[in-house]
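The following exercises are to be worked with the sequence and the coordinates at hand. Each task is followed by a solution in steps.

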Amino acid sequence: MDCETWLHASLCFGARRTWHSRRPSRWGDRGFFRGFARWGEQFKQAIEVFQKHNGKSVKGNAIEVIYRDAGGPDPARSRQLAEELILREKVQFLAGFAFTPNALAVADVINESKTPTIVFNAATSVLTRRSPYFVRVSFTLAQDTVPLAQWAAKNKVTKVVTVISDYGPGVDGEDAFIRTFKAAGGQVLESIRIPLSTTDFSPFFERVLQRKPDAMFMFGPGGPSSVGMINTWASRLKPAGIQLLVTNETQEIDLPKIGPASIGVIGSSHYTETVDNPLNNALRRDLTAMFGKDTIPDTATVSAYDGMRLIYMAVEKFGPRVTGDQAIGLFRGVKMDSPRGPIEIDPKTRDIVQNVYLRKVESRGGRLVNINFATVPTVRDPWKDWNPE
């Protein structure tokens, strides 16, 4: 019996899970895509920690992971890999997808093959509407942004400029912030969209400075781009008293690159690395034990960890020949504990329902960390309500 699951990490590699296979796990042979390669590495680390916690088999079915390199935000290659692995290798699951365009590119493929596909990162709200076989265990930008906009309006922020990287999730975040902030009486002075390939953010931030807002809402794609945007804010806008509001841009893994200038930045996220619960404590402990003392989990880590749990649940209930419809039916409405806190898969939208944490960057014990100061429970993706089918 050879029943397989492919986990596709769309920035630097993908992965396949095989049942009763003799072939060892292996890395894909394509190079990393700049600084975003870390997402793939974090997917892999999380999978290995999950298997340490839960074993490498489910009811006697051995589980293997094989990684494939998608080479960056490359929809054509993502579709090619999905077709090859579904048609040639007969895989039963796809997962991963750091960028929305790569995930969207496989929608027709998984519709035809009825392959359940678990999204570890891609955060554009519309994604799950493109196929009934998508399930998201990460977040949407609208989901993480609305609580932040609500907080800002209640805490003496009256005028804001929004600055985003110009692609799907950023546009979702921009729309969510503007809609929510204006509804609460706030004023948005300007909305600035920055091309995704930008490395010099100074001209855009100079426009913010001229507007003299109370705060700037920012979305970056993660990694070096977000670090560069925050460092530009710190050098040009922070001295002018312009507060920075973000979602996931101040992940602990990036804070050393930003430095003390990040102290005081207000963010909102579905996962804070310092949250104290047994699963998160075990995740952090074993990440450092297995991959080094400087290894830090972030949103990619926790999503891959939880995505693996869904796959294990499906195989445990239906066996190694689980079908796509069986798996999706099981995932709808499922509730489980996560290192981030309690989570649920919305039975209608197949998007995740989860807590969103309002937090501030602080220096604790000689290191920069995010510290939660409020929890907004059971947040759904609001975009689905704003845009009914």
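**Exercise 1. A side chain and its partners**

Which backbone oxygen does the side chain of R136 reach at 3.2 Å?

Solution. The model is a predicted one, in which local features need pLDDT of at least 70 and side-chain atom pairs count only at pLDDT 80 or more, while totals for chains, interfaces and linings use all residues. Residues are numbered from 1 along each chain as its sequence is written, and side-chain values use heavy atoms, with hydrogens and water left out.

Step 1. Locate the residue. R136 belongs to strand 7 (residues 134–136); helices (H or I, at least four residues) and strands (E, at least two) are DSSP runs, numbered from the N terminus.

Step 2. Identify the oxygen. The side chain of R136 reaches the backbone oxygen of S125 at 3.2 Å. A polar contact is a pair of N or O atoms within 3.5 Å; within protein, one must be able to donate a hydrogen and the other to accept it, and residues adjacent in sequence count only if both atoms are side-chain atoms.

Step 3. A polar contact of 2.6 Å links the side chain of R136 to that of D351.

Step 4. List the surroundings. Apart from residues up to four places away in sequence, R136 touches several residues, including V119, L127, I345 and K384; contact means heavy atoms within 4.5 Å.

**Exercise 2. The partner residue**

Determine where D351 is found and whether D351 is buried or exposed.

Solution. Step 1. D351 is in the loop between strand 14 (341–345) and strand 15 (352–364).

Step 1. The relative accessible area of D351 is 3%, so this residue is buried.

Step 2. Beyond its neighbours within four places in sequence, D351 contacts S125, T128, R136, T140, E344, I345, D346, D381 and K384.

**Exercise 3. Aromatic pairs**

How many aromatic pairs does the count come to?

Solution. Step 1. Apply the rule: rings of Phe, Tyr and Trp (its six-membered ring) pair if their centres lie within 6.5 Å; planes under 30 degrees apart count as stacked, over 60 as edge-to-face and the rest as tilted. The count comes to 9 aromatic pairs.

Step 1. Take one of these pairs. Y167 and F219 form a tilted pair, 6.0 Å centre to centre with 45 degrees between the planes. Y167 lies in the loop between strand 8 (159–165) and helix 6 (168–183) and F219 in strand 10 (residues 215–219), so the pair ties together parts that are 52 residues apart in sequence. Y167 is buried at a relative accessible area of 15%, and F219 is buried at 5%.

Step 2. Take a further pair. F177 and F217 are stacked, 4.6 Å centre to centre with 15 degrees between the planes. Because F177 lies in helix 6 and F217 in strand 10, this pair ties together parts that are 40 residues apart in sequence. Both F177 and F217 are buried.

Step 3. Note the cluster: F50, Y305 and Y312 form one aromatic cluster.

**Exercise 4. The whole chain**

What do the secondary structure and the buried residues of the protein come to?

Solution. Step 1. The protein has 13 helices and 16 strands.

Step 1. Of its 389 residues, 61% are buried.

Key: Buried < 20%, exposed > 50% of the residue type's maximum accessible area, 1.4 Å probe, protein only.
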